Amino acid sequence: MSSRIRTEIVEMNMGPQHPSTHGVLRLAVRLDGEVIVEAKPDVGYLHRGIEKLAELRSYVQFIPITDRIDYLASMLQNAAYVGAVEKLGGIEVPERAEYIRLIMMELQRIASHLVFFGAMALDLGATTPFLYAFREREDILDLFEMVCGARLTYNYFRPGGVSRDLPAGFYAKAKSYIAKQREKLPEYDDLFTCNQIFIARTRGVGVISAEDAINWSLSGPSLRGSGVAYDVRKVDPYCVYDKLDWQVVTKNGGDVQSRFLVRVEEIRQSLNMVEQALDMVPEGELKCKTPLRLKLPEGEVYHHIESARGDVGVYLVSDGAEKPYRMHWRSPSFVNLGAIDSVARGWKVADLVAILGSLDVVLGEVDR
Amino acid sequence: MNELQPLIIVTMTELTEKNIRDAFPKAVVQSSEADGALILKLNATMLLPVCELLRSNPELGFDYLADITAIDWKDRIELVYRITALARNEKIVLRVDLDRANPTIDSVSSVWKGAIFQEREVYDLMGVVFTGHPDLRRILLPEDWEGYPLRKDYVIPD
């Protein structure tokens, strides 16, 4: 009987306006029934040409544009760019500024992972965890607003330091946030992480072996979820990460659940780091004196950091002028997304939502 | 025991360079070091064989392609590859000069799949053609876009 039924591969578009594509991503999917035969990402909807924009602006003028690359982790984008400028210019950063930077970067990582947690839940049909996560993220955004006046696009880092000091009351407010977040995390676990439906939809789904993860150049939690302990904060330490007590989080499953659990555990690690750093901030200068019209010596530098989504690399080439001759932005979202076609093949279309969510791409960073 | 033994200090990067030069005597045009990473300027035709060696030779084990990008020097286009051996965190930078009028090079996507997207980006924005690439199309810009925006002579449309 079945041989008489004509079957054919169906082409389906997921996005660019689909809520689970986390922004404007189009996946051109080919399906055999429910099974994915091919899932080709079509990106570029948010391309703003930031590498060209960098060539047309002074080094300091470009900092606000970095805020708009990965807009869920702007502090970390600031850090990557300013770090490259400092490395090429041989600019020293006062210790007080280094600790303040670390606090901002780790709070930002938590805020970004909270968005991931909520969005992942939403993608799989659970609405409440999203509200929980955004409730706590709000406290972090309040802290950022206290420090620099902005809630999303901070423009806070400067070559040689940061733009403003921690305001009065920051310490107490940050400490009370940490206590509150620690109290809430078990609630997240009860509601979602240990939820049977969530486990059934993520365990063993979208498995990436360690070898494949490396070969696909994955980075960040998407790589560590395959058991590879590669974290730029440990392998190429920058800022003052080597002065704190913390561990690189890895999970060995390589599946959606492992990538999810890495991020949840990283929230706990980052809370510990912020707590330690708050008590270690020394007195001193906020910023060493650098001219606003900064000129960097002829030469080039590559500086990379561990952002919330992985290895962000900034390549600067200077010809001695006030503007870079060439700037290249190595984007972890872009590179990680490259693997989706190979990971998704053979899984059901409903799993595709979970797999895409587990790679945690931000389209602003994919498209640049 | 009192005899003086010649003391030979061999660094990681020196060993890597020796391995490459032994296998491909004519591949390396120039070598230097910066930031702890070995930087090799290669003959364009030798890029793919060197990459295959870097990844497959167990002594080298460069398994992680971190980044590919290109620079327009007005008289040539230079490609820059950053590769890491994760096990010992050793980094190598490969550089290749291409003819600006006809920038063509072998794709390394057969060695590292991570190159598939990154080479498409370089093709899209700088106009470098990667031969042997499985799916070389524009990626960030629309398919009918004219020109390569990261070239220095690109005129920004109104």
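A:M12 stands opposite A:V29, a residue of β2(A). The model is predicted, and this pair belongs to the antiparallel pairing of β1(A) with strand β2 (residues 26–32) of chain A, which are joined by five bridges. A second pair is A:M14, opposite A:L27 in β2(A). Strand β1 (residues 10–14) of chain A has five residues, and the number of them that are buried is zero, so the strand lies largely in the open.

β2(A) also pairs with strand β3 (residues 35–42) of chain A, in the antiparallel sense and over seven bridges. Here A:A28 has A:K40 in β3(A) as its bridge partner. The two strands β2(A) and β3(A) make a hairpin with two residues between them, and A:G33 in the turn has a positive phi of about 65°.

**The sheet β6-β7-β8 of chain A**

Three strands of chain A form an open sheet in the order β6-β7-β8, with antiparallel pairing. β6 (299–306) and β8 of chain A are at the edges with a single partner strand each, so one side of each is left without a neighbour in the sheet. From one strand to the next the twist averages 10°. β6(A) and β7(A) run antiparallel and are joined by eight bridges; A:I305 has A:V312 in β7(A) as its bridge partner.

Helix α3 (residues 74–89) of chain A lies across β6 and β7 of chain A, and runs at about 150° to β6(A). A:L76 touches both members of the bridge pair named above, A:I305 and A:V312, and also A:M105, A:Q108, A:S307 and A:A308, leaving aside residues up to four places away in sequence.

| Strand pair | Bridges |
|---|---|
| β1(A) and β2(A) | five |
| β2(A) and β3(A) | seven |
| β6(A) and β7(A) | eight |

**Chain A as a whole**

Chain A has 15 helices and eight strands. Its C-alpha atoms fill a box of roughly 80 × 50 × 35 Å along the principal axes. A compact globule of 368 residues would have a radius of gyration near 21 Å, and chain A, with 21 Å, agrees with this. Of the 368 residues, 51% count as buried. Among contacts in chain A with a separation of 6 or more, 71% are between residues 24 or more positions apart.

**The nonpolar core**

In soluble globular proteins, nonpolar side chains tend to be buried together. Which residues of the largest nonpolar core touch the most other members? Of its 145 residues, these are A:L76, A:I340, A:I355, B:I83, B:L94 and B:V128. The element that gives the most to this core is helix α4 (residues 95–123) of chain A, with 17 residues.

B:I83 is in strand β4 (residues 77–85) of chain B. With 25 other C-beta atoms within 10 Å, against a cut-off of 20 or more, B:I83 is buried. Not counting residues up to four places away in sequence, B:I83 touches B:L54, B:F62, B:Y64, B:L65, B:A66, B:I92 and B:L94. B:I83 and B:R55 are 28 residues apart in sequence, with a C-alpha to C-alpha distance of 9.5 Å.

**The contact between chains A and B**

Contacts between the chains involve 24 residues of chain A and 21 residues of chain B. On the side of chain A that touches chain B, two or more residues come from each of α1 (50–55), α8 (210–215), β7 (311–318), β8 (326–330) and α12 (332–337) of chain A. β7(A) gives the largest share of this side, four residues. By class, the side of chain A that touches chain B has 10 nonpolar, eight polar and six charged residues.

Most residues other than glycine have a negative phi. A:C239 has a positive phi, near 50°. A:C239 is in the loop between α10 (232–235) and α11 (256–278) of chain A, and is partly exposed, with 19 other C-beta atoms within 10 Å.

B:N89 likewise has a positive phi, of about 50°, although it is not a glycine. The loop that holds B:N89 is between β4 and β5 (90–98) of chain B. Is B:N89 buried or partly exposed? With 14 C-beta neighbours inside 10 Å, B:N89 counts as partly exposed.

Definitions and conventions: Residues are numbered from 1 along each chain as its sequence is written. Chains are lettered from A and ligands numbered from 1 in the order in which they are written. This is a predicted model: local features need pLDDT of at least 70, side-chain atom pairs count only at pLDDT 80 or more; totals for chains, interfaces and linings use all residues. A residue is buried if 20 or more other C-beta atoms lie within 10 Å of its own, exposed if 12 or fewer, and partly exposed in between; C-beta atoms are placed from the backbone. Two strands pair if DSSP finds at least two bridges between them. Two residues are in contact if their C-beta atoms, placed from the backbone, lie within 7 Å. Ala, Val, Leu, Ile, Met, Phe, Trp, Tyr, Cys and Pro count as nonpolar, Asp, Glu, Lys and Arg as charged, and the others, Gly among them, as polar. A nonpolar core is a set of buried Ala, Val, Leu, Ile, Met, Phe, Trp, Tyr and Cys residues joined through C-beta atoms within 7 Å. Axes are lines fitted to C-alpha atoms, for helices over the stretch in contact, and angles run from 0 to 180 degrees between N-to-C directions. The radius of gyration is taken over C-alpha atoms; the globule rule is 2.2 Å times the number of residues to the power 0.38.
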